Amino acid sequence: MTKHFVDMNNDSPTQIMKLIELSEQFKAGLKLTLKRPVYAANLFFENSTRTHASFYMAEQKLGMTVLDLNMATSSTQKGESLEDTVKTLQALGTDIEVIRHGQNGWYEAMVADKSLTTSLVNGGDGSGQHPSQCLLDLMTIYEEFSYFKGLSVGIIGDLAHSRVAKSDAQLLHKLGATVYFSGPKEWYDESFTPYGQYIENIDELIEKLDVVMLLRVQLERLNTNSVKQFKALDYHTQFGLTKARFKKAKQQAIIMHPAPVNRGVEIDSDLVEAPQSRIFKQMANGVFARMAILASLLDEKGLLQEDLNID
């Protein structure tokens, strides 16, 4: 493992599986001991419920002291750069800083900065990557099927603006799953082509899938023309998971969504908590996946009594 956790693309299948296994161990009750007091700071520049709260919960469960900062009242509002904010908190004694920011690749220059001793965790960068969401999604899928190779996974919706879609597609492909994409053609990005096949008509795709993964329509990232296009179409009828549409799916197929869910848009409200839905299980698994991420960094920094053997 490296001293930062910002993007899982460079991790090998073996490293990914070790993180999934560690997540499962935390879910089963694994307890770790810190060698000294450890301090984490959470810096969320974009709105968040699940990611923010589950990182906070994970930090608490690991025995860390947490600085949970309100970025709307921070010195970034006075013009301080993100890098200076990170280094300020490092000077105050942080060991780990979890950051969500609207800028794609906000971490790129900082991870190359040898003066940075605090560990960075990417809680989501713009429409770039969302590695902790990816890990909890992989954990949830693995719990269901116990394998990835040959699984058919459909990622459906606002692909171009989704950091979840990018992270999941890349890692699922690396682990041997067959990945499909669907949704409005205007929201498909050719950068997905190496990882799977695009099928615009969701009805042609649904019966192939073991995992139906819906994406939130991200109106806050759409330009004016895209918002107009969205409002002009009946998204739920054309691209949403309706009850009638899901009846065509395999009997063992599961429903996933990174949330927040726009009920009646990406998915019929009755399906959100249907027996086949794993949406709230994903949220629960998020705590354990994020414990695994944080623990791997603590292990790399030599701050754990136990040796996790996850290199």
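Predicted model: local features only at pLDDT ≥ 70, side-chain atom pairs only at ≥ 80, totals over all residues.
## The four-stranded sheet

Let's begin with the open sheet whose 4 strands come in the order E2-E1-E3-E4, with parallel pairing. Strand E2 (65-69) and strand E4 (119-125) sit at the edges with a single partner strand each, so one side of each has no neighbour in the sheet. On average, neighbouring strands here are turned by 15° against each other, direction ignored.

Now look at strand E1, which covers residues 39-44. E1 runs parallel to E3, and 5 bridges join the two. One detail to look for is Ala40, whose bridge partner in E3 is Ile96. E1 also runs parallel to E2, again with 5 bridges joining the pair. On that side, you'll find Leu43 opposite Leu69 of E2. While you're looking at strands, here's a handy rule: in a regular strand, side chains alternate between the two faces of the sheet.

## From E1 to E2 by way of a helix

How does the chain get from E1 to E2? Follow it and you'll pass through helix H2 (residues 50-61): E1, H2 and E2 make a right-handed β-α-β unit.

Thr49 belongs to the loop between E1 and H2. Is Thr49 buried or exposed? Its relative accessible area is 55%, and exposed means over 50%, so Thr49 counts as exposed. Thr49 and Ala259 are 210 residues apart along the chain, yet their C-alpha atoms are separated by 9.4 Å.

## A closer look at His101

His101 is part of strand E3, which spans residues 96-101.

Which residues does His101 touch, leaving aside its neighbours within four places in sequence? The contacts are Phe45, Glu46, Leu82, Trp106, Gly124, Asp125, Gly126 and Arg163.

## Helix H6

One of those contacts, Arg163, takes us to helix H6, made up of the 12 residues 163-174. From its first C-alpha to its last, H6 reaches 17 Å, close to the 16 Å expected at 1.5 Å a residue. Of its 12 residues, 10 are buried, so H6 is largely enclosed by the rest of the structure. Among the buried ones are Arg163, Val164, Leu171 and Leu172.

At the start of H6, a side-chain oxygen of Ser162 comes to within 3.3 Å of the backbone nitrogen of Val164. After H6 comes Gly176, which has a positive phi, near 100°.

## The five-stranded sheet

There's another open sheet to explore, with 5 strands in the order E7-E6-E5-E8-E9 and parallel pairing. Its edge strands are E7 (196-198) and E9 (254-256), each of which pairs on one side only. Neighbouring strands of this sheet are turned by 20° against each other on average, direction ignored.

Zoom in on E5 (residues 152-156) and E8 (residues 211-214): 4 bridges join them, and they run parallel. Here Ile155 stands opposite Met213 in E8. Finally, helix H5 (residues 131-145) lies across E8 and E9, running at about 170° to E9.

Definitions and conventions: Residues numbered from 1 in each chain as written. Heavy atoms only, no water. Expected span 1.5 Å × (residues − 1). Buried < 20%, exposed > 50% of the residue type's maximum accessible area, 1.4 Å probe, protein only. Polar contact = N/O pair within 3.5 Å; in protein donor to acceptor, adjacent residues only side chain to side chain. Contact = heavy atoms within 4.5 Å. Pairing = 2+ DSSP bridges. Axes fitted to C-alpha atoms, helices over the stretch in contact; angles between N-to-C directions. Right-handed = clockwise from strand over helix to strand, strands pointing away.
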